[in-house]
Amino acid sequence: MTNQKIDRIIEKCNTEEIKLCPFPTGILSINLNKLESNIIKIIKFVNRIGNKNNVKFLLPVKANAYGHGMIPVAKFIEYKKICTYFGVSHLKEALELRENGIKNSILIIGQSSCEYKFLKCIVQNEFEQEISDEQLLYALDAEAKEVNRMAKIHLSVDTGMGRCGILVRNIHNFVDKIKKCKNTQLVGVMTHFPVADVNEEFAIKYTNKQIEIFTKVKNMITSKFSNDIIFHASNSAGTVKYSSSIFDMIRPGIASYGYPGHDLGIPLDPVMEFKTKISLIKEYPKGHCIGYGCTYTTKKKDERIGILPIGYGDGLNRLLSNKLAVIVNGKKEKSIGAISMDQLAISVGKNTQINDEVIIIGRHGKNSFSAYNIASQIGSIPYEVLCNLGNAKRIRHEYIYI
Ligand SMILES: Cc1ncc(COP(=O)(O)O)c(C=O)c1O
């Protein structure tokens, strides 16, 4: 039975969504039962394969929780007490979480600005910051000293990602610098995998090498510090494919939102569904142009076409023109012509009517489409599809928890 507190959380989030988007062009249904069950499945999997019971879980909620809505997701997950950390990539996101009453630890992933006003906020709110260079380390330490606090940092180690992180050959030196910062507490040490999701031999070797390097770094750092340090490396693919990458905490984002992207061996469910309605039906004679650029011409007499009130302005990539597949009344249909900013056309059968529901991500009987299907049509990844849809202003989120 749904608990009253959860009902209130969901109702408040949905009321807020109605205020933000009173006349939606489409609905993104976010099923929080599925999010919860995906996370629990991942935790059970880690306990089983890693033979560990107390691995911490950081849920990445950056980029509006991969488009799912950062505040509702964080409030729900914090209430459920299934993870201890949230991961964001901007100070603004971290502040928004705190302003909405989130008490979990918050790790700011990536390189924050060294500007004074940012540093002050980080220290005062006890946000934890990934550190990849000494300028930010010293600036945070100085700020913490001024307000008589400790800055909490996660040292980032570049074992092969080629983005953030200290290069391994400089780690010894950097650790000594951290030790000299009296107002800085080394809370965690992290690394990141660029190809853990790739099933090719080079990628497997590459990721295993990264794990080996990180393990050596871990041993070196542990010997130099007496406090407990959280070592963490695994994103979704790392978590499920490399048991040796599971240290003290995992950071699975896309898997929590239901996208394995490869055969993970855990049945995860996409959390987001996307639906809209047919806004206009038209019948065209054979040979009529449909949409910008006339990239589609009607093929038969009295060809029926449905217009949907969504386009690339709502996060649907224009490269999906003449490609996007949808489900109308249980039947698969295709988008025809170019996707415009605010509208797109689909082929429809003779019984389809204005206001009939159109499923873009979701399931009807045996037919289903996911963000993965959409992404693979345009050479993208589900992350991008989810972020683009989930951050579109004219589409309303609707939170479900049964
Ligand atoms: C440092 C870091 N950890 C974890 C994640 C989560 O990755 P995934 O969504 O592939 O699990 C990301 C995602 O961008 C990241 O940048």
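A: In this predicted model, the centres of domain 1 and domain 2, taken over C-alpha atoms, are separated by 39 Å. The domain assignment places domain 1 at residues 55-250 and domain 2 at residues 272-400.

Q: How do you know that domain 1 and domain 2 are in contact?

A: Contact requires heavy atoms within 4.5 Å, and seven residues of domain 1 are in contact with eight residues of domain 2. Between them the two domains bury about 650 Å², with 61% of this area on carbon and sulfur atoms. On the side of domain 1, Tyr66, Gly67 and His68 lose the most area to domain 2, and together they make up 66% of what that side buries.

Q: What makes up the side of domain 1 that touches domain 2, by helix and by class?

A: Helix α3 (residues 62-66) contributes the largest share of that side, namely three residues. By class, the side of domain 1 that touches domain 2 has three nonpolar, four polar and no charged residues. Across the interface of the two domains the rule finds zero salt bridges, while four residue pairs, both residues at pLDDT 80 or more, are in polar contact.

Q: Why is the pair of Asp176 and Lys224 called a salt bridge?

A: The rule asks for a side-chain nitrogen of Lys or Arg within 4 Å of a carboxyl oxygen of Asp or Glu; the side chains of Asp176 and Lys224 meet at 3.2 Å, N to O, and therefore the pair qualifies. This pair links distant parts of the chain, since Asp176 lies in helix α8 (residues 171-180) and Lys224 in helix α9 (residues 201-224), 48 residues apart. By this rule the count comes to 15 salt bridges.

Q: Why is the link of Cys289 and Cys294 called a disulfide?

A: The sulfur atoms of Cys289 and Cys294 are 2.4 Å apart, and because the limit for a disulfide is within 2.5 Å, the pair meets it. The count by this rule comes to one disulfide.

Q: What is the handedness of the link of Cys289 and Cys294?

A: With -80° about the S-S bond, the link of Cys289 and Cys294 is left-handed.

Key:
Residues are numbered from 1 along each chain as its sequence is written. This is a predicted model: local features need pLDDT of at least 70, side-chain atom pairs count only at pLDDT 80 or more; totals for chains, interfaces and linings use all residues. Side-chain values use heavy atoms; hydrogens and water are left out. Domain bounds come from an automatic or database domain assignment. Buried area is the accessible area (1.4 Å probe) that two parts lose on being put together, summed over both. A polar contact is a pair of N or O atoms within 3.5 Å; within protein, one must be able to donate a hydrogen and the other to accept it, and residues adjacent in sequence count only if both atoms are side-chain atoms. Helices (H or I, at least four residues) and strands (E, at least two) are DSSP runs, numbered from the N terminus. Ala, Val, Leu, Ile, Met, Phe, Trp, Tyr, Cys and Pro count as nonpolar, Asp, Glu, Lys and Arg as charged, and the others, Gly among them, as polar.
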